[in-house]
Amino acid sequence: MIIERLDPSRIRVGMAGTSRDDLLRELGTALVEGGLCKESYPEALVGREAQSPTGIDMDGFGIAIPHTDVSHVLSPGIAVGIPASPVRFTAMGTDDEFVDARIVCALAIDDPGAHLDFIEALLAVLRDRATLESLAAAGTAGEVMDIIRAKEEAAS
Amino acid sequence: MKKRVIVACGGAVATSTVAANKVAELCAESGVDIEIVQCRVSEISSHADGAVLIVATSKVSKDYGIPFVSGMPFISGVGVDKARQAILDALKSE
C-alpha cells in the first residue's frame, strides 16, 4: 500500500507556473523536510531527470516518476505534485519524445530490491485511467489521499 | 546453461527493478533458465560479454550485437503481451 508512504505535507496540488526543474525541487524539498531525504536530494533529482528522463505515457495520460540515486535517500517515501497545467518531461527510454505530465510522483528509494512492492503498488495505482483523471482534478492534498486510499482498498 | 539477460535503466534504482522482476517471472513461467544482471545503461558494456538479450527502460544508443527489447511496457502496462513475446522469441532463437 502506498497510502502508508504518503503524507498530506508531501502532496502539492495546483502547482502554478512552475518549470519542470522547479517542480522537481519543490517535491524534493518536501521529501527533505519530511526527513526522508538528504539535503542533496532536490538537486540530484533535477540532475538525474536531465540524464535519465522519467516521463511516462500511461496510455495517453502523461505522468512522471522522478527519482535519483539511493545515496540521497534516508527512508522510502513519495511526494506527489499535481501541476495546474501540464509540465513537459522527456519520455523515459528516449531523448526526443515528450510527455506532458499532469501528475508527478517523486520517489525516495533507498533499497530497490526491498521496495519493489512499493514501486509496483504505486504503478498499479497509476495504471488506472479513472484514478489518474481523479487525481489530476483533485483540489486538495486530502482529496489526493482519499482517491489513492479508495483505489488501494478497492484493489485489495 | 543459464542465458544471461541484462536489465538496465538510468540508475538501476526503480524501473529496472520492476522490469527485472517481470522478466524473471516470465522466464520462470516459461521454463527458460536465465541469469539476470541489473545495471545502469552506462554499465551495459561491462556486462554484455556472454549476454543474449538487453531489456532496458532507458535509451540504449549503442548496438551491442544482441537483441534489445524495451522494458517500458512493464512500467506503463501498455503492450505487455507484445514485450513478453519479444523477450521469449529473443531467448528461444539463441
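Chain B carries 10 positive and 10 negative side chains, and the centres of the two sets lie 3 Å apart. In this count Lys and Arg are positive and Asp and Glu negative, while His and the chain ends are not counted; each charge is placed at NZ of Lys, CZ of Arg, CG of Asp or CD of Glu. In chain A, the mean positions of the 13 positive and 26 negative charges are 1 Å apart.

This is a predicted model, in which local features need pLDDT of at least 70 and side-chain atom pairs count only at pLDDT 80 or more, whereas totals for chains, interfaces and linings use all residues. Residues are numbered from 1 along each chain as its sequence is written, chains are lettered from A and ligands numbered from 1 in the order in which they are written, and side-chain values use heavy atoms, with hydrogens and water left out.

**Chain A overall**

- Five helices and seven strands make up the secondary structure of chain A; helices (H or I, at least four residues) and strands (E, at least two) are DSSP runs, numbered from the N terminus.
- Read from the N terminus, the order of elements in chain A is β-α-α-β-β-β-β-β-β-α-α-α.
- Chain A is as compact as a globular protein of its length, because its radius of gyration is 14 Å, close to the 15 Å that the globule rule gives for 156 residues. The radius is taken over C-alpha atoms, and the rule is 2.2 Å times the number of residues to the power 0.38.
- A box of roughly 35 × 30 × 30 Å along the principal axes holds the C-alpha atoms of chain A.
- Buried residues make up 53% of the 156 in chain A; buried means under 20% relative accessible area, exposed over 50% and partly exposed in between, with a 1.4 Å probe and protein chains only.
- Among contacts in chain A with a separation of 6 or more, 68% involve residues 24 or more positions apart, a contact being heavy atoms within 4.5 Å.

**Chain B overall**

- Chain B contains four helices and four strands, which follow the order β-α-β-α-β-β-α-α from the N terminus.
- The radius of gyration of chain B is 12 Å, in agreement with the value near 12 Å of a compact globule with 94 residues.
- The C-alpha trace of chain B spans about 30 × 30 × 20 Å along its principal axes.
- Of its 94 residues, chain B has 48% that count as buried.
- In chain B, 57% of the contacts between residues at least 6 apart in sequence join residues at least 24 apart.
- Chain B exposes about 4300 Å², with 47% supplied by carbon and sulfur atoms.

**Nonpolar cores**

- The largest nonpolar core has 38 residues, and Ile63(A), Val80(A) and Ile103(A) touch the most other members. Such a core is a set of buried Ala, Val, Leu, Ile, Met, Phe, Trp, Tyr and Cys residues joined through side-chain atoms within 4.5 Å.
- Elements that each supply at least two residues of this core include β4 (77-83) and β7 (103-108) of chain A, together with α3 (72-76) of chain B.
- The most is given by α3(A), with eight residues.
- Apart from this core lies another of 20 residues, among them Val73(A), Ala79(A), Phe89(A) and Ala108(A).
- Beyond its neighbours within four places in sequence, Ile103(A) is in contact with residues including Phe61(A), Ile63(A), Val80(A) and Leu132(A).

**Residues of chain A**

- Asp57(A) belongs to strand β2 and is partly exposed, with a relative accessible area of 47%.
- Leaving aside neighbours within four places in sequence, Asp57(A) is in contact with Val99(A) and Ser76(B); the C-alpha atoms of Asp57(A) and Val99(A) are 6.3 Å apart, although 42 residues separate them along the chain.
- Asp59(A), in the loop between β2 and β3, is exposed at 58% relative accessible area.
- Asp59(A) has a positive phi of about 55° although it is not a glycine. Most residues other than glycine have a negative phi.

**Residues of chain B**

- Thr15(B) lies in helix α1 (residues 15-30) and is buried, with a relative accessible area of 4%.

Note on methods:
Accessible areas come from the Shrake-Rupley method with a 1.4 Å probe; for residues, only the protein chains shown count as cover.
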